[in-house]
Amino acid sequence: VTSPFNRISELAALLAAAGLDELELVGPDGRVLLRRGADGAAAPVSVEDEAAEDAAFEVVASSGVGHFLHAHPLRAQPLVAPDDAVVAGQPLGLLRVGTLLLQATAPRDAVVARVVAADGALVGYGDPLVELWPEE
Amino acid sequence: VIRVLACGALATVQDRGRRGALRWGVGLAGAMDGLALAGGNLLLGNDLDAAGIEVQVFPLEVRLDEATHFAVTGADCAATLDGKPVLPWTSAEAQAGAVLRLGPPPPGRWRGARCYLCVAGGIDVPVVLGSRATQLRGAIGGHKGRPLVAGDVLPVGHPVRAAARTGIGLVPAGLALPLAVDGVPAVRVLPAAEYERYTPASRATFWAEPWRVTPQSDRYGFRLAGPTLEPLSPMELRSHGIMPGVIQVPHGGQPIIQMCDAQPSGGYPKIGTVIEADLWRLGQAPIGSHVRFVETDWDGALAARDEAARWLASVARDLDRLHRRSAA
């Protein structure tokens, strides 16, 4: 009677409104996984910052819901600071999701402009985490 | 294979331990921090009985002859791969010929004593009496029954699953399962057979005071320093079976906690037993640090074991979800 299949379009709209990239429902009789868009990878996605007038810097955005950490939890030193040169693939911050720590990585060689999300902040899909200047 | 280029003292190949052989007088051995080893194995898709390298004196430098997925768990040891930093408790990939270096634990938010180098497929030394763990006392298991030295070549097993994803980390066990009293790391303890034969003041002190881990502490046992524990009357016991976790009190009144390489019998009176679920916490207690004892009971010990098992199950579930999502 309350099968989630009857309400998929409603759930999808809620996902879109909340900015979530996926919803997993697990019940005794099965599992429903709703995912928005084609890109299901957990790696942080990189989006151009439309707000920036000159589009000079690039925003590394969150791949999902979690707590953004500036430093590895065993360490006091943040992974990056403004003006740090970073190489493609280098972790800029960590997203704590359940027991896991996922990396927000630099999409290319660049210089850190600003770490946007606060340390420990709860972030959602697409939320800006770090802004990068393109490499000179 | 893994080639040991440089190695401090007492780095050993360890797995979960050699269970079921105590009846022959063969002790458990195994990783001092079993949760760190388990976490590394989960990150790499290994079976939980896969062996890794336990490191407690730094640096350790190894060359990975083949491209290998690996993770370094336990204490943060500022690992570098060909000079580039590698995050602790995180899966990473080494190209063939890469050199991995583990250094002394730097000051951080959580201080540990031992780290674990885990590789996809595990360290594939021969299984002896059901385990790959190095038993130093009996000189069996591990790599030739002894600590690693420069020049050793260690075989790596075949990865169980297809290439593990790199850059996936775990919240370290020490932070996921914290336990401290008045800011001092703590372990839960069951009163043992001779507990009632100590003075009330000594019993109270046992629970109330921090105990310092002295330099005479290793894989065999931890000698602690603190207030003198006084028996109501002198005790002389026949030797009897003991286990890792047993807290003995020799005549000087300073406790000894038996650890992974404990001999299977002893004759000192036993004031308590650190529960199995908390032994990993001791394994990460550095020399010179302090620990507190928290009294628990049988149910508390089982609940603690369940809590650790639940954490591992959560890790496995979260990793599985991530892999399914990225495979989709």
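Trainee: How much area is buried between chain A and chain B?
Mentor: This is a predicted model: local features need pLDDT of at least 70, side-chain atom pairs count only at pLDDT 80 or more, and totals for chains, interfaces and linings use all residues. Residues are numbered from 1 along each chain as its sequence is written, chains are lettered from A and ligands numbered from 1 in the order in which they are written, and side-chain values use heavy atoms, leaving out hydrogens and water. Buried area is the accessible area (1.4 Å probe) that two parts lose on being put together, summed over both. Carbon and sulfur atoms give 57% of it here, and the total is about 2,300 Å².

Trainee: How many residues does chain B give to the contact?
Mentor: Contact means heavy atoms within 4.5 Å. Chain A gives 24 residues. Chain B gives 29 residues.

Trainee: Which residue of chain B meets Arg75(A) in a salt bridge?
Mentor: The rule asks for a side-chain nitrogen of Lys or Arg within 4 Å of a carboxyl oxygen of Asp or Glu. It finds one salt bridge across this interface. The N to O distance is 2.7 Å, and the partner of Arg75(A) is Asp76(B).

Trainee: Which elements give two or more residues to the side of chain A that touches chain B?
Mentor: Strands (E, at least two residues) are DSSP runs, numbered from the N terminus. In chain A, the elements are β1 (22–27), β2 (30–35), β7 (91–97) and β8 (100–105).

Trainee: Which strand of chain B is joined to β8(A) by three bridges?
Mentor: Two strands pair if DSSP finds at least two bridges between them. This pair runs antiparallel. Leu101(A) stands opposite Gly169(B). The strand, residues 168–170 of chain B, is β12.

Trainee: Within chain B, which are the edge strands of the open sheet of six strands?
Mentor: The order is β7-β6-β9-β4-β1-β11, with antiparallel pairing. Four bridges join β1 (residues 2–6) to β4 (residues 60–64), and Ala6(B) stands opposite Glu61(B). Pairing on one side only marks the edge strands of chain B, β7 (84–85) and β11 (153–154).

Trainee: Is Arg292(B) buried or exposed?
Mentor: Arg292(B) lies in β22 (residues 290–295). Its contacts, not counting residues up to four places away in sequence, include Asp182(B), Trp207(B) and Glu209(B). Buried means under 20% relative accessible area, exposed over 50%, partly exposed in between (1.4 Å probe, protein chains only). Its relative accessible area is 11%, so Arg292(B) is buried.
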